[in-house]
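Open the model in your viewer and keep the selection tool ready. This tour goes stop by stop: what to select, then what is there.

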Amino acid sequence: MKVVGYVNSYKTHKDDRFLEIKSQKEKISEFCQKHNLELVKIYEETINNADFPPVLTRLINDAANKNFEHIVVLKIDILAKDNLTKTWVTSELNRHNIRIYSIAEFNASKPSTASISESKLVKYKVKDIPSLPEVVTKVMELVQNPNSSAAQLSKVISHDTGLTSRVLKLVNSAYYGFPKQISSIQHAIMILGFTTIRGLVLSSTIFKIFAPKNDRVKVLDYKRLWKHSLITAIAAKRINKFLRLQEDDDIFSSAILHDIGKIILDQYDHENYISALQEAPHPMDNRMMFAEKRYCGINHQDLGYLVAEEWNLPPGLINVIHYHHYPLEALEHTRLTSIVYVGNIIAHIALDFDNFDIGLFDERVLEYLSLDEDNLCQINSEVMLEIENIEDLESFLR
Ligand SMILES: [Fe+2]
Ligand SMILES: [Fe+2]
């Protein structure tokens, strides 16, 4: 597979520029060698602070001529100095079906499990959780592998007709709001990119694996939890847009799956979970996490995290699942986790409260995201309007 590298050092001091460029080039070469990628050229930016860097503009023109299939950079920030340029670059490259490999993100280490008490009980429960269906693990492998193509990914997904229709339903829903119908997975991949498609596959499949069991005493309201997850995703997307950030590919799937630990507690430790919910029935109550720990030996954040690790989910999802109630504790993907944290509270306001209340939010997280009360009120009202037509999305998770 033919790839090109791109190096830039706009943040580097002038005197260190030569060394910085050299080190970026070496890391790109090593990465390509390790992953059997044919490195045909490394583009080196010469004017390092321009709005539309000239070498990058040339690279995008070359992409249109299909001289290569992927771009390798040391980290995503290197491609653009601000979000506007980043959006321009990524949408242009997406248009030509060129993927970007960021070495830093590729190598990002997963959080350690050491911080969680791994009692026999927890280990036993996690081992009991079903593994992901083959189609999903295959999709994750393909997305992770720099050599895979859109055709390969589309072939694997299209093989599963149920999955295909669920993914297309979401792609064509109001959430994405595309003006024209997208009728094939290949087309969806070209528009949304590999990582987003992986998120859609994961979200729809994981909810399906844990469909509610009928013979149980109902204590966890699944329909309400689905709705909560969808509203969290809508709110997270709104917050991202409000902050004028480039959309994170993991935003939908991490918001949808943030509370997956609750479903697992309900299905694999049902009796104890009933006791926990009876003690702390309100979902925004901090006592709920303590009650889960007391009765089930683990709270839904930590159990969700262990299962997410077991399933090898992408790092963005693992962090959100693990830290969505305390996002500033996440060492990686802190911004994504904080956005889902705020989205989660907005979703609770929509379903569980009568009015907007700023006191529900941790002010340190709001400060981290630079959001104030007026901003949140505005986002909250936008979300309330958007969720009036949530039905087309709900069928995606059923
Ligand atoms: Fe939660
Ligand atoms: Fe939640």
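Stop 1: Select the iron ion (ligand 2). Its four donor atoms subtend angles of 77 to 178°, which makes the arrangement irregular. Four donors count as tetrahedral if all angles lie between 85 and 135 degrees; four count as square planar and six as octahedral if opposite donors are over 155 degrees apart and all others between 65 and 115; anything else is irregular.

Before going on, a note on the model. This is a predicted model, where local features need pLDDT of at least 70, side-chain atom pairs count only at pLDDT 80 or more, and totals for chains, interfaces and linings use all residues. Residues are numbered from 1 along each chain as its sequence is written, chains are lettered from A and ligands numbered from 1 in the order in which they are written, and side-chain values use heavy atoms, leaving out hydrogens and water.

**Stop 2: the donors.** Which residues coordinate the iron ion (ligand 2)? Select His228 (NE2), His258 (NE2), Asp259 (OD) and Asn344 (OD1), which coordinate at 2.0 to 2.3 Å. Donors are N, O and S atoms within 2.8 Å of the metal (3.2 Å for Na, K and Ca); water is not among the atoms, so sites may look incomplete. In sequence, the donor residues follow the spacing H-x29-H-D-x84-N.

**Stop 3: the bridge.** Asp259 bridges the iron ion (ligand 2) and the iron ion (ligand 1), which lie 3.8 Å apart. Asp259 sits in the loop between helix 12 (251-257) and helix 13 (260-268), and Asn344 in helix 18 (residues 334-352), so the pair ties together parts that are 85 residues apart in sequence. Helices are DSSP runs (H or I, at least four residues), as are strands (E, at least two), numbered from the N terminus.

Is Asp259 buried or exposed? At 3% relative accessibility, Asp259 counts as buried. Buried means under 20% relative accessible area, exposed over 50%, partly exposed in between (1.4 Å probe, protein chains only). Asn344 is buried too, at 2%.

**Stop 4: salt bridges.** The whole structure holds nine salt bridges. Each is a side-chain nitrogen of Lys or Arg within 4 Å of a carboxyl oxygen of Asp or Glu. Select Glu386 and Arg238, whose side chains meet at 2.8 Å, N to O. Glu386 lies in helix 20 (residues 373-386) and Arg238 in helix 11 (residues 222-242), so the pair ties together parts that are 148 residues apart in sequence.
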